[in-house]
Amino acid sequence: MNDHYVGLFAAYGSMVVLTVFVSVLLTRKRTAEPIWPAQETVRLPRPWLDLGLFFVAVVGVIAVGQLYQRGLMLPTRGPAGWLLEAVNHAAIFAPILILLAIRRQGLGTVLLPGGRLWLRLAAGCGLALVAAGAYVLAGPSTVSDVAGAIADEARDGVLLGHAVQVFMEDLAIAALLVRLAAALRSGWAAGVCVAVLFSAAHIPAMLGSGDPVTATDFLHRGFDAAIGVIVMVGLIRTRDVLWLYPTHLLMDLTQFAA
């Protein structure tokens, strides 16, 4: 296992353990209104239909993503390029938001319920600092390396676009988790399936990169799935995706520092 994955396991593991601990602790304290779970378990009247339509929306996401890869979306050069880049990334995932509108399903069905949004996001930022500390202590990068990677993205004008992309990815993962859990009637089985699917989604790009594919590459996909299972534990426990976003974004940026 390379140092970067050691850092990722340390980061996501410590973050999820702390999240679950805080969730259980605040739930048991009668004097405090808990932050998590953020909502009741989501029920869908026709879960298999919603699951099938979700995958139709994913086809739309892939199609728009191909337009982006071919440079057929908004131009990102010029002083407003950083903003147009963010709009492009939002547009790539727009089919999933369109599906929610067509099915008249709220953001709660992508684990983004209303209420105490700023508190939940602030908690997520605090957890991201814990995750970053665990990542650095695990040894793959220093604080200056991670800060440098963030500064590089900001200087290149792609930081906002990357932030939008990660946020929309989190909503897509949460949407699949909710629909699969409703269809299978088991959040834990759905969580494992989502983690495996998320890891497998990287295989086509890996095979199409033109680089030699080794057993280590497939081992890394297994590591991705294991990290995904860890994340699913937190999502299922909290029924909220907002706390995950800051850490997911920060860990994505660490790959440039690793």
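Which residue just after α7 takes a positive phi? A few friendly notes follow.

1. That residue is R185, with a phi of about 60°. This is a predicted model, where local features need pLDDT of at least 70, side-chain atom pairs count only at pLDDT 80 or more, and totals for chains, interfaces and linings use all residues. Residues are numbered from 1 along each chain as its sequence is written, and side-chain values use heavy atoms, leaving out hydrogens and water.

2. Helix α7 covers residues 159-184; helices here are DSSP runs of H or I with at least four residues, numbered from the N terminus. Its 26 residues should span 38 Å at 1.5 Å a residue, and the end C-alpha atoms, 37 Å apart, agree with that. The expected span is 1.5 Å times one less than the number of residues. In α7, 21 of the 26 residues are buried (under 20% relative accessible area; exposed is over 50%, partly exposed in between, with a 1.4 Å probe and protein chains only).

3. You will find 3 salt bridges (a side-chain nitrogen of Lys or Arg within 4 Å of a carboxyl oxygen of Asp or Glu). One of them joins R103 and D50, at 2.7 Å from N to O. The pair links distant parts of the chain, 53 residues apart: R103 sits in the loop between α4 and α5, D50 in helix α2. R103 is partly exposed at 27%, while D50 is buried at 2%.

4. D240 and R120 form another salt bridge, with the closest N and O atoms 2.8 Å apart. D240 lies in the loop between α10 and α11, and R120 in helix α5, 120 residues apart. D240 is buried at 0% relative accessible area, and R120 is buried at 2%.

Methods: Helices (H or I, at least four residues) and strands (E, at least two) are DSSP runs, numbered from the N terminus.
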